[in-house]
Amino acid sequence: MKEDTPEIHQFSVSLSTLDGPKNETIGRVRIQYFSNHERAIRGIKYGGLCLLLAAGFILIPLLHFILVPLTALASPFVGVLFSRQKSVLVGGIGDCPVCSKGFLITKSIIPFPVTQTCKSCSGRVRVDFKV
Ligand SMILES: [Zn+2]
């Protein structure tokens, strides 16, 4: 069975301040869930990219003595790490709890809570599932 459309779900989240006075706003995020097949493909893809990187490091004089074995040894771990990742935060929007301007939630790994920085006021914002 081949699925071309990724499984993306929307959730309401709370955006709260980490510093200064307590404030909370509501936002929405999109989370992509991976099937077992997609997870296996991602593991192979990122593990393979790590091996390609190791091959590329061969061209760098002196540093290749460290970088080539390091990235080559890391590739199976990177592959396993990505194959175990069940979901990823694709992005979202909300209002900044610090400055009340529009807040763009950028791509990030799960699990929640995620700490992100507002581009308008540089305030640190904690994004978590709404309770
Ligand atoms: Zn802000």
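Mentor: A residue is called buried if 20 or more other C-beta atoms lie within 10 Å of its own, exposed if 12 or fewer do, and partly exposed in between, with the C-beta atoms placed from the backbone. D19 counts as exposed because it has 8 C-beta neighbours inside 10 Å. Before we go on, note that this is a predicted model, in which local features need pLDDT of at least 70 and side-chain atom pairs count only at pLDDT 80 or more, while totals for chains, interfaces and linings use all residues. Residues are numbered from 1 along each chain as its sequence is written.

Trainee: Where is D19 found, and with which residues is D19 in contact, leaving aside its neighbours within four places in sequence?

Mentor: Helices (H or I, at least four residues) and strands (E, at least two) are DSSP runs, numbered from the N terminus. D19 is found in the loop between β1 (7–17) and β2 (24–33). Two residues are in contact if their C-beta atoms, placed from the backbone, lie within 7 Å, and by that rule D19 is in contact with G123 and R124, once its neighbours within four places in sequence are left aside.

Trainee: How do strands pair, and which strands pair with β7?

Mentor: Two strands pair if DSSP finds at least two bridges between them. β1 and β7 pair in the antiparallel sense over five bridges, and β6 and β7, which also run antiparallel, are joined by four bridges. V127 in β7 is the bridge partner of L15, and V127 also stands opposite V114.

Trainee: What lies between β6 and β7?

Mentor: β6 (114–117) and β7 (124–129) form a hairpin with six residues between them. In the turn, S122 has a positive phi of about 60°, although S122 is a residue other than glycine. S122 counts as exposed because 9 other C-beta atoms lie within 10 Å. L62, which lies in the loop between α1 and α2, has a positive phi of about 65° although it is not a glycine, and L62 is exposed, with 7 other C-beta atoms within 10 Å.

Trainee: How should I read the length of a helix, and where in α2 does a kink lie?

Mentor: The expected span of a helix is 1.5 Å times one less than its number of residues. Helix α2 (residues 64–84) has 21 residues and reaches 30 Å from its first C-alpha to its last, close to the 30 Å expected. The bend at a residue is the angle between axes fitted to the seven residues ending there and the seven starting there, and in α2 a kink of about 35° lies at S75, shortly before the proline P76.

Trainee: Which residues of α2 are buried, and against what do they pack?

Mentor: G79, F82 and S83 are the buried residues of α2, and they pack against α1 (36–57). By contrast, D19 and A40 are 21 residues apart in sequence and 40 Å apart in space, C-alpha to C-alpha.

Trainee: How is the protein divided into domains?

Mentor: Domain bounds come from an automatic or database domain assignment, which here gives domain 1 (1–34 + 86–131) and domain 2 (35–85). The C-alpha centres of domain 1 and domain 2 lie 29 Å apart, and four residues of domain 1 are in contact with five residues of domain 2.
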